[in-house]
Protein chains: 2
Amino acid sequence: MTQTHNQPCAIAQALNIFGDNWTWLIIREAFYGVSRFSEFQRNIGIAKNLLSNRLSTLVEQGIFEKKNVGENGTRYSYHLTPKGAALRTPLFAILLWGNEYISGDGNEAVLLTERNTGRQLTTMSLVSESGEPIEPNDVRAIAGPGANQEILDKFENARNLKKQK
Amino acid sequence: MTQTHNQPCAIAQALNIFGDNWTWLIIREAFYGVSRFSEFQRNIGIAKNLLSNRLSTLVEQGIFEKKNVGENGTRYSYHLTPKGAALRTPLFAILLWGNEYISGDGNEAVLLTERNTGRQLTTMSLVSESGEPIEPNDVRAIAGPGANQEILDKFENARNLKKQK
């Protein structure tokens, strides 16, 4: 699946990078400390050519950095850049959603906890500059400085659809 | 792209539902208030058969609810269930990441703001039960009650990889 979304919206653009879900799983493995091709391959069960292709894209996009770690000759390892490491937030968000709505309470394979207290963390939230969590209902999406006509129309249309209801 | 990940991890299971990125874009449109087949199709630029297929899956998975709104005969509209509406958190996380690392400051097509103050929101965070934001470095992923041997091995392996570094 290699559809490309030519929309300025960052969601569409981010999804272009991911291309498909293998990419998310590759990034997940990197958070588990995996850095070698063979480890990615074994842990995800992905075909070599697909993995090779996805890793190249991730290096091009600045999400992974490729290092030659061969003592004699060439041998690469792959490490998340700061841009890549910042994907932990979307991944945590997907994990919490899956835990709540797919696995269900008591069946979660992976939990998030607070390191110091060991307490389980189940909520993720937007946070104001002063560090206050903001409830989803208090969040408003608006057109930004990079919006084109298509995005402006979408917001206009959303306003009209709300009025009708 | 229809690979299936047979892993108990909620990330893999959640990604199985999404199947591909069209699905995320369909959900994004629903947050803009879109509910009709023709509107989804026009706004995303997706082929009819793909849209039909993705919407059916989303209804099966309990993310959308399908309502007959035809006054004479059958005409459907699609609405997010609570399970579907909860996907706003992963979507917001993807949007913020894309704004920071793809669009860049001053080029964002869509911004998130606090409804009352109009201030821009750029941070998302795990939140403790007492409502305190938790820094990513203070978050620890652990094996949960639904972990199988594969997941336990992954955490064991992650510990060993960290020791080596």
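The same surface serves both copies, with 99% of the contact residues of chain A recurring in chain B.

This is a predicted model, in which local features need pLDDT of at least 70, side-chain atom pairs count only at pLDDT 80 or more, and totals for chains, interfaces and linings use all residues. Residues are numbered from 1 along each chain as its sequence is written, and chains are lettered from A and ligands numbered from 1 in the order in which they are written.

**Core**
- The largest nonpolar core holds 78 residues (buried Ala, Val, Leu, Ile, Met, Phe, Trp, Tyr and Cys joined through C-beta atoms within 7 Å; buried means 20 or more other C-beta atoms within 10 Å, with C-beta atoms placed from the backbone).
- Within this core, A:I11 and B:I11 touch the most other members.
- Beyond its neighbours within four places in sequence, B:I11 contacts A:W24, A:R28, A:L91, A:I94, A:L95 and A:G98 (contact: C-beta atoms, placed from the backbone, within 7 Å).

**Sheet**
- Four strands make an open antiparallel sheet, ordered β5(A)-β4(A)-β4(B)-β5(B) (strands are DSSP E runs of at least two residues, numbered from the N terminus; pairing takes at least two DSSP bridges).
- The edge strands are β5 (133-134) of chain A and β5 (133-134) of chain B, each pairing on one side only.
- In chain B, β4 (residues 123-127) pairs with β5(B) over two bridges, antiparallel.
- B:L126 has B:I134 in β5(B) as its bridge partner.

**Domains**
- Chain A divides into domain 1 (10-85) and domain 2 (88-153), with bounds from an automatic or database domain assignment.
- The C-alpha centres of these two domains of chain A are 24 Å apart.

Note on methods
A residue is buried if 20 or more other C-beta atoms lie within 10 Å of its own, exposed if 12 or fewer, and partly exposed in between; C-beta atoms are placed from the backbone. Two residues are in contact if their C-beta atoms, placed from the backbone, lie within 7 Å.
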